[in-house]
Amino acid sequence: MSGGPQSSFVYVTYIRTTAEKLWRALIEPEFTKQFWFGVTQDCEWKAGAPWRMMIPDGRVADAGEVVEIERIAISSCPGAMSSSRNCMRKAIRG
Amino acid sequence: VIYIASTPETVFAALTNPQMTEQYWFGFRIAADGKAGSSFTMRPPGGENVEKGVILESDPPRRLAYTWYPKYEDDKHERPSRVAFDLVPLKGQVRLTIVHEDFDEGSKMFEGISKGWPAVLSSLKSFLETGRALESSLNSEPVTAGAQS
């Protein structure tokens, strides 16, 4: 992303879970709506696919396309603490 | 910024009480329960208590600010930085905002705390919400949690 430091938001968090489960939490509508305040995403989850984010009343809150998607087999993620930054990447351009 | 399903009183205690910090701050005992003007101390696991800074503001359970002395070989020439915690209760949760500022240009301490705070705060959240802190990622990342200064 370009445009100087103000255009980039980086947040790191550590979650006691597996990377596989975290990946599902970021993608599966039944999963996302439980923690993302009712939000679901409509997407085929492959590069170039359109992406839409829906709020509970059905309106589209944001839209874009999948820029990068890379599922990594994660048995190599060390330790009990997985960081999403280290173990998987998903990028959406809105 | 992190949201924790807890009360401001509990979060404030968790940030200032050495018995509590030891449980989630990867074994570090932080004592920051004094009034403004008193010092706050940190004891690493198996180490000695060191004076880590001076409490600038203490307004339980809303706000805490302290200076943060550089104590490690690679950063001890740097000037002290400043940490401020703001706790806002919202719908049975606490929004905890941390601002750590006033670093030297190219500060090593800044690099350390940039890795440390996310790990400490994630562990704090897990600890208060589930009763179980996170494990240190010491073996999987070059710098751990609050360890770097």
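Modeller: In this predicted model, B:His100 has a relative accessibility of 12%, which lies under the 20% limit, so the residue counts as buried. B:His100 belongs to strand S7 of chain B. Its side chain takes part in two polar contacts: one, of 2.7 Å, is with the side chain of B:Ser81, and another, of 2.9 Å, is with the side chain of B:Trp117. When residues up to four places away in sequence are set aside, the residues touched by B:His100 are B:Trp68, B:Ser81, B:Arg82, B:Val83, B:Ile113 and B:Trp117.

The strand pairing provides the next level of description. Strand S7, residues 93-101 of chain B, pairs with strand S6, residues 81-90 of chain B, in the antiparallel sense, and 9 bridges link the two. Within this pairing, B:Arg82 is placed opposite B:Glu101 of S7(B). B:Arg82 is also among the residues that B:His100 touches.

Helix H1 of chain B, residues 8-16, lies across S2, S4 (50-59), S5 (63-68), S6 and S7 of chain B. H1 runs at about 160 degrees to S6(B).

The sheet as a whole is open and has 7 strands, in the order S1-S7-S6-S5-S4-S3-S2 (chain B), with antiparallel pairing. Its edges are formed by strand S1 (2-4) and strand S2 (29-31) of chain B, each of which pairs on one side only. On average, and with direction ignored, neighbouring strands of this sheet are turned by 25 degrees against each other.

At the level of the whole chain, 3 helices and 7 strands are present in chain B, and along the sequence they follow the pattern β-α-α-β-β-β-β-β-β-α. The radius of gyration of chain B is 14 Å, close to the 15 Å that the globule rule gives for 149 residues; chain B is therefore as compact as a globular protein of that length. Along the principal axes, the C-alpha atoms of chain B fill a box of roughly 45 × 35 × 30 Å. Buried residues, a group to which B:His100 belongs, make up 48% of the 149 residues in chain B. Of the contacts in chain B with a separation of 6 or more, 45% are between residues 24 or more positions apart. The accessible surface of chain B comes to about 7200 Å², and carbon and sulfur atoms account for 50% of that area.

How values were computed
Residues numbered from 1 in each chain as written. Chains lettered and ligands numbered in written order. Predicted model: local features only at pLDDT ≥ 70, side-chain atom pairs only at ≥ 80, totals over all residues. Heavy atoms only, no water. Pairing = 2+ DSSP bridges. Helix = DSSP H or I, 4+ residues; strand = E, 2+ residues; numbered from the N terminus. Axes fitted to C-alpha atoms, helices over the stretch in contact; angles between N-to-C directions. Contact = heavy atoms within 4.5 Å. Rg over C-alpha atoms; globule rule 2.2 N^0.38 Å. Buried < 20%, exposed > 50% of the residue type's maximum accessible area, 1.4 Å probe, protein only. Areas by Shrake-Rupley, 256 points an atom, 1.4 Å probe, with all protein chains shown as cover. Polar contact = N/O pair within 3.5 Å; in protein donor to acceptor, adjacent residues only side chain to side chain.
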